[in-house]
Amino acid sequence: MNLSRLDLNLVVALRALLEERNVTRAGQRVGLSQPAMSAALARLRRHFDDDLLARVGGHYELTALGQVLLDRTATAYDVLERLFASQADFDPAEEHREFKLIASDYAVAVFGTELARVVHEEAPGIRLRFAQTPPTVVDATDALLSTSDGLLMPHGVISDFPATDLYGDRWVFLVADDHPGVDDRLTREDLARLPWVTYQRTYDAPAVRQLGMLGIEPRVEVSVDGFQLIPLLVAGTRRIALVQARLARLLAPLAAVRVVEPPYEAVPLREAMWWHPVHTHDAAHIWLRETAARVGRRMAHEPEGEQAGPGEREFGEGPRPDHGQ
């Protein structure tokens, strides 16, 4: 296929047709008359050698190929939009645009809130949109990064894309404040016998792989689609949970739980911002990455995630030396 012979305006028409499934509504959406949109549909049908939209009764439905193209067209549209929005110069104090970042609720709570505060102060016309990390992040990283401005995720999950380090964190266990079977310490036997609350999308993270290498198979009783609900599911039960120490401090007011150190040397967590190579030389994206890195460096000197003392009852009690990096 020779791209130089294609009219890229057909991407706009194709997306509207596949999503609206109606020629008139698709034309209204993109500012084309009904005859012009019908002509675009005819050209698309010739190109794909498929009807794309098939009349069923009084309405249109997507053909099998049309259904396949539905998601691909939306992705291609986003890529083209970001490509042609690239800039040679970027003035954060004057620009108006949106950056989309893919992140877990942990990353948003610990890092995204501070990034948003800095952006608010330095670039009032810039909007940040945080989208939840999807289950397909490992298998479809290229597509995910090509349609966003970055992915906040620790090292050890994905690779082969550019990234900038943000901050360090470490892993701790949560247990109920009144847990009858755990005093100041957990043992490896405790990890095997007690029920767990887990974040259900672990992405084969290094901390999870480490448990398997130690011969520990968590007995999962509850899994949840976010980190911030975990303390509520631990409080008042015999359950335990492995969470990030920085997040543990933030969640102190939510539940009667306490931090207990792992009974092994847990692999540290290094959070990074990953991006697609297409963004590498874009001035706006360079500003975003540099701002994120600056926020991350500032976090390295803050107390979140520092070492807990034995038997500490509350998340936020006492100064702790930093083991996050």
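Predicted model: local features only at pLDDT ≥ 70, side-chain atom pairs only at ≥ 80, totals over all residues.
Student: Where is threonine 147 found, and what does its side chain reach?

Tutor: Threonine 147 belongs to the loop between α6 (141-146) and β5 (150-154); such helices (H or I, at least four residues) and strands (E, at least two) are DSSP runs, numbered from the N terminus. A polar contact is a pair of N or O atoms within 3.5 Å; within protein, one must be able to donate a hydrogen and the other to accept it, and residues adjacent in sequence count only if both atoms are side-chain atoms. Here the side chain of threonine 147 reaches the backbone oxygen of alanine 143 at 3.0 Å. Serine 148 is found in the loop between α6 and β5 as well, and it is buried at 1% relative accessibility. A polar atom of the serine 148 side chain lies 3.0 Å from the backbone oxygen of leucine 144.

Student: What should be noted about phi at aspartate 49 and leucine 52?

Tutor: Most residues other than glycine have a negative phi. Aspartate 49 is not a glycine, yet its phi is positive, about 55°. Leucine 52, not a glycine either, has a positive phi of about 65°. Aspartate 49 is found in the loop between α3 and β1 (53-56), and leucine 52 is also placed in the loop between α3 and β1. Aspartate 49 is exposed, with a relative accessible area of 69%, whereas leucine 52 is buried, with 1%.

Student: Which residues of helix α2 are buried, and how are they arranged around the axis?

Tutor: In helix α2 (residues 23-30), the buried residues are Val23, Ala26 and Gly27. They cover an arc of only 100° around the axis, which puts them on the same side of α2; the arc is that of the directions from the helix axis to the C-beta atoms. Their cover includes α1 (9-20) and α3 (34-48). At the N-terminal end, asparagine 22 caps α2, with a side-chain oxygen 3.0 Å from the backbone nitrogen of threonine 24. Glycine 31 follows α2 and has a positive phi, near 80°.

Student: How is the pairing of strands read, and which strand does β8 pair with?

Tutor: Two strands pair if DSSP finds at least two bridges between them. Strand β8 (residues 195-199) pairs with strand β9 (residues 219-224) in the parallel sense over five bridges, and threonine 198 stands opposite serine 223 in β9. Both faces of β8 are covered, with Pro195, Val197 and Tyr199 buried on one side and Trp196 and Thr198 on the other.

Student: How many bridges join β3 to β4?

Tutor: Seven bridges join strand β3 (residues 97-103) to strand β4 (residues 126-132), and the two run parallel. Lysine 100 stands opposite arginine 129 in β4.

Student: What describes the protein chain as a whole?

Tutor: The protein chain has eleven helices and twelve strands. Of its 325 residues, 46% are buried. Among contacts with a separation of 6 or more, 76% are between residues 24 or more positions apart.

Notes
Residues numbered from 1 in each chain as written. Heavy atoms only, no water. Buried < 20%, exposed > 50% of the residue type's maximum accessible area, 1.4 Å probe, protein only. Contact = heavy atoms within 4.5 Å.
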